[in-house]
Amino acid sequence: MSFDQFLQYISSGITSGSIYALTALGFTLIYNSTDIINFAQGEFVMLGGLVAISMHEWGAPLPLAFLVAVALVGIVGVIFEQLAIRPLLSAGVLAQIIVTIGASLAIRTVAMLIWGRESLPLPPFSGDSPIVILGASILPQTLWVLGLTLVIVVALQLFYRRTLTGKAVRACSVNPTAARLMGISYSRVVLLSFGLSAAISAAGGVMITPVSFMSYSAGALIGLKGFAACILGGLGNPVGAVAGGLILGILEALTVGFLPFSGSSGYKDGVAFLILLVILFARPQGLFGRRTVEKV
Amino acid sequence: MGIVAYARKHAAFLAFSAVAMCAPLFIGNKYYLSILAFTATRLMVALGLNLLMGQAGQVSLGHAAFVAIGAYGSAVMTTRWSVNPWLAMLVAALLAAGVAAILGVPTLKLRGHYLAMATLGFGEIVFILLVQLKGLTLGTDGISGIPSLTIGSLDFGRPRAYHWLAWGVALLMLRMSLNLVDSRVGRSLRALDRAEIAALSLGVNTSFRKVQVFVVSAVFASVAGSFYVHYIHYISPDSFSVTFSVVLVTTVVLGGLGNVWGAVWGSIFMLFLPEYLKRFNQDYTNLVFGLMLIVVMIFLPGGLVGLRHVPARLRRRFTPPDALPAEDT
Amino acid sequence: MRNRYVALLVLALASLLVLAVTGCGGGTTTTTAAAEGPTTTASGDTGTTTAPASTESTAVAPTGDPIVIGAVLSATGPGSPLGEPERATLKMMETELNNAGGVLGRPVKIVIEDDQTNPKEAVTAVTKLLQQDKAIAVLGSSTSPSTLAIKPITEQAGIPLIALAAANKITEPPIDWTWRAPPRDALAVQKALEYISGVMKLKKIGLLHDENAYGASGAAEIEKRIGDFGLEVVAKESYKTEDTDLTAQLTKIKAANPEVIVVWGTNPGPAVAAKNMKQLGMTQPYVGSHGIANKKFIDLAGAAAEGVIFPAGRLLVPSSFTDPAQKSVVDTFVAAYKEATGQMPPTFAGHAFGGLTLLVNAITKAGSTDAAAVQKALNETRGVATPDGIYNYTTTDHDGLTVDDLTVVKIQNGTWVLAE
């Protein structure tokens, strides 16, 4: 394999990995404040893309379509929290997980009824003539996704460390009871997490649509991969989530490139889930995890 | 225990068994028989998953994979290597048990829902292997021409004979589950769900118990897969995606967690509801399932079998909040 | 506290349902057919309501017990883009047949069951059709796994099954009671390979295929047949239908220096591949499958769709019909379908039209609905024209079509033209 090719695989991996990273960030936000694994996360990504497509069809310029999609899906996240999560905040994780599974089924079906079954396109933000870096070509759109991911990670770090609300969120993730005793409104923190998480995933969805199109069923696979990325990076760690997403994308691309036999791409998705299992068995706190994992 | 006492103690089980086993005598229509046949295999899976979720408080998001091990195990061994179907079923079930143990031992030692994550990943890997290992599974073409189950000249390919066999096994599993819940093991399992630390300090080996129940649920699922495939005679990977795992979880949740009968009502409900919805527009089926999952979890944590407690719950809801005891979720 | 949430929840669920039921008006056009009407039976209204309609023609109103024909279609689930137009076609033809005097002077009743693109549901559905509705023949299913699941049942019952799916295995023995309407995958593969070796004069193929049943069986067929055409597969990679990026697969293929890229799959994968090839600066010709014989591919791939070549039924380029009898059948069908649905018939509508035409033709020729007589008549089908081709069934050939019933189409200026 030539160096050019190697770089091309890395570039492919970054393209897929950046959307895993954004989805993983969404998981992280919710997990951090509630310990819930939100199985509807991929549906937020899907909704973001589809809403933007409709806005653009109605003549909205791309930036406006982007903002509307992010805001709308953020609201969906808030409504979801109010309706389904709020009544179960003290009901145990199993019930909460099941509710998110139910929501994912419902959201997906409603999206199918609204937008139909076929994939829909969205034009790229800044043209689709590829940029060639050291012999590897990358789409401008991928740079947009990467840029957005970086901005969000930095913004989140600032938010968590510098703002009072952010500190409150962190306090809740460490010890909800103690946080509540200190006068932090736990329920408001949870609400905020769901809204933010849905908005971030939606932003990712809008960004990725020009590269890969969007359909009602696309959220499931993205959600699963984002989840695997989360575990890889360590549940609850935003930087780990992003790193996990990119590493996962690159590993998948390299699986295609390095496995010596023809047709190795069939095992590409297997890699993600194999890594997930290995990490769970060998290092359940993830590559970059800090949270302690309690043994029974 | 005398017969009368036994009958009184197990009245519900005996009545249900009688209804299930006598049904084919009154149903001539093969269409209804086929729905009942699928209900039996669904019940087998649901019972195992119900034990896992209700008794051990753990969820498997890859149970379709265990059904697939049974189904593909039986299909591959009988069509390609001419193994006796009963032996194939046994070997597949052992394989499922082994895999469950390998998955369960490391993850169930940890607090939290690592089993859910591991089974999710495992389910995806099994699905990919079903598609990719063409030499063994014939890939997406699927395997056709799978023989019926037979004992000597007795052919269980006939709808009635199959009904009695499949429901016989399902009822046996139901009896086993009911016994398990009543036993010391069952009590220690429920202790796990409620107060792990307390159970631990009382000397219950919590993670061993959890692994045990997970293995049982995998075996139930595998046997169900084997029965399914000997009835439908054709199999392809499509049937075993993560969606099916979610449908299985839905079955158990709707029926009712923490009560073995929940699996029964869930299975019946989940197979007849789509038949009913078909008359309107099937596109709504998943919407209805999704909303029901949410609504049941919030308002009816006991599922369909919990409906009988609703009057009491309502009464409590209208008493002043400070008079309420802690919610028993 | 709790009561507020209860109220909120009820309100939201109600509004969600209202939203769903009203078809959601959200700037779309694609779901209209799905939102209307039940997917199941024709509810037995045909026997009575068709009589007045006969005033418009000279046909005598059909009388007697209806002839019940069953259909198992994938009207919902992933296969619905196939099943939906098929359902619309069968409904339309049921009315037409009855207006024209029915079959054998009796009204026709087509009972349509939805299998949700799920083999298990297909088994339940076909059992219902045979047991409850007493169908004398069955059409379907739209997708291959469902068809393979129902085939043993109709074979065992001795009831004719006209398959509407393409997997090669469907018409491999036993086929005493199974025939097929659409061209099987192997024909499309043969057409594509013939074109690559005969017209393009290229040799080295880079193969990229979907991992679903359609893509995988197409790829297997290609590998089986390349020898016959002196071709060579230098690289073979696959993807999942929902994969967001295929540049990794294409980079590996590119490294093997193929002269032509063959992509076998259904939307959106092939469109992603077309765009990714441009991104990687791959200039090799792109040969697709009949899975992209739809406007959607052009919508998705945009400029990258230009120059893409693929085998397809002649219905895609109606000017390609040369046989006059076939041309008139197709013109009538296209006009009727347009009137009924307001759209051009997709290929799948043609399959359903063909399947029912072949069956009705056989029943008429047999002069009875007796299974054995219909079986014999189907095996003696000669020169019956449908949009998919001109059929000649024999006791051993239950496909009835030849490779000449397909054509090769090229995308030019956002529309289809005949290649060459």
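How many helices and strands are there in chain A? Chain A has 11 helices and 2 strands, where helices (H or I, at least four residues) and strands (E, at least two) are DSSP runs numbered from the N terminus. This is a predicted model: local features need pLDDT of at least 70 and side-chain atom pairs count only at pLDDT 80 or more, while totals for chains, interfaces and linings use all residues. Residues are numbered from 1 along each chain as its sequence is written, chains are lettered from A and ligands numbered from 1 in the order in which they are written, and side-chain values use heavy atoms, with hydrogens and water left out.

**Chain A: overall**

- Along the sequence, chain A runs α-α-α-α-β-β-α-α-α-α-α-α-α.
- Of the 296 residues in chain A, 65% are buried. Buried means under 20% relative accessible area, exposed over 50%, and partly exposed in between (1.4 Å probe, protein chains only).
- Contact means heavy atoms within 4.5 Å. Among contacts in chain A with a separation of 6 or more, 75% link residues 24 or more positions apart.

**Chain A: helices α1 and α9**

- Helix α1 (residues 3-34) of chain A and α9(A) have axes that come within 8 Å and cross at roughly 75°. Axes are lines fitted to C-alpha atoms, for helices over the stretch in contact, and angles run from 0 to 180 degrees between N-to-C directions.
- α1(A) and α9(A) are therefore roughly perpendicular to each other. Angles under 35 degrees count as roughly parallel, over 145 as roughly antiparallel, 65 to 115 as roughly perpendicular and the rest as oblique.
- On the α1(A) side, the contact residues are A:Ile19, A:Tyr20, A:Thr23, A:Ala24, A:Phe27 and A:Thr28. They meet A:Ile222, A:Gly223, A:Lys225, A:Gly226, A:Phe227, A:Ala229 and A:Cys230 in α9(A).
- The contact of α1(A) with α9(A) has 8 nonpolar, 4 polar and 1 charged residues. Here Ala, Val, Leu, Ile, Met, Phe, Trp, Tyr, Cys and Pro count as nonpolar, Asp, Glu, Lys and Arg as charged, and the others, Gly among them, as polar.

- A:Leu150 sits in helix α5 (residues 140-162) of chain A. A:Leu150 is exposed, because its relative accessibility is 57%.
- A:Leu150 and A:Leu22 are separated by 128 residues in sequence, yet their C-alpha atoms are 9.6 Å apart.
- A:Phe213 belongs to the loop between α8 (186-212) and α9 (218-233) of chain A. A:Phe213 counts as buried, because its relative accessibility is 3%.

- Most residues other than glycine have a negative phi, and most peptide bonds are trans.
- A:Phe213 has a positive phi, near 65°, in a residue other than glycine.
- B:His233 also has a positive phi near 65° and is not glycine. B:His233 lies in the loop between α11 (206-232) and β4 (234-235) of chain B.
- C:Gly140 and C:Ser141 are joined by a cis peptide bond, with omega about -5°. C:Ser141 is in the loop between β3 (137-140) and α6 (144-157) of chain C.
- C:Pro173 and C:Pro174 are joined by a cis peptide bond, with omega about 0°. C:Pro174 is in the loop between β4 (161-163) and β5 (178-180) of chain C.

**Chain B: helices α12 and α13**

- Helix α12 (residues 242-255) and helix α13 (residues 260-277) of chain B have axes that come within 7 Å and cross at roughly 120°.
- α12(B) and α13(B) are therefore oblique to each other.
- In α12(B), B:Val247, B:Thr250, B:Thr251, B:Leu254 and B:Gly255 take part in the contact. Their partners in α13(B) are B:Gly262, B:Gly266, B:Ser267, B:Phe269 and B:Met270.
- The contact of α12(B) with α13(B) has 4 nonpolar, 6 polar and no charged residues.

**Chain C**

- Chain C contains 14 helices and 14 strands.
- Buried residues account for 60% of its 420 residues.
- Of the contacts in chain C with a separation of 6 or more, 67% are between residues 24 or more positions apart.
- C:Asn267 lies in the loop between β8 (260-264) and α10 (269-279) of chain C. C:Asn267 is buried, because its relative accessible area is 18%.
- The side chains of C:Asn267 and C:Asn294 form a polar contact of 2.9 Å. A polar contact is a pair of N or O atoms within 3.5 Å; within protein, one must be able to donate a hydrogen and the other to accept it, and residues adjacent in sequence count only if both atoms are side-chain atoms.
- Not counting residues up to four places away in sequence, C:Asn267 touches C:Thr241, C:Ile292, C:Asn294, C:Lys296, C:Phe297 and C:Leu300.
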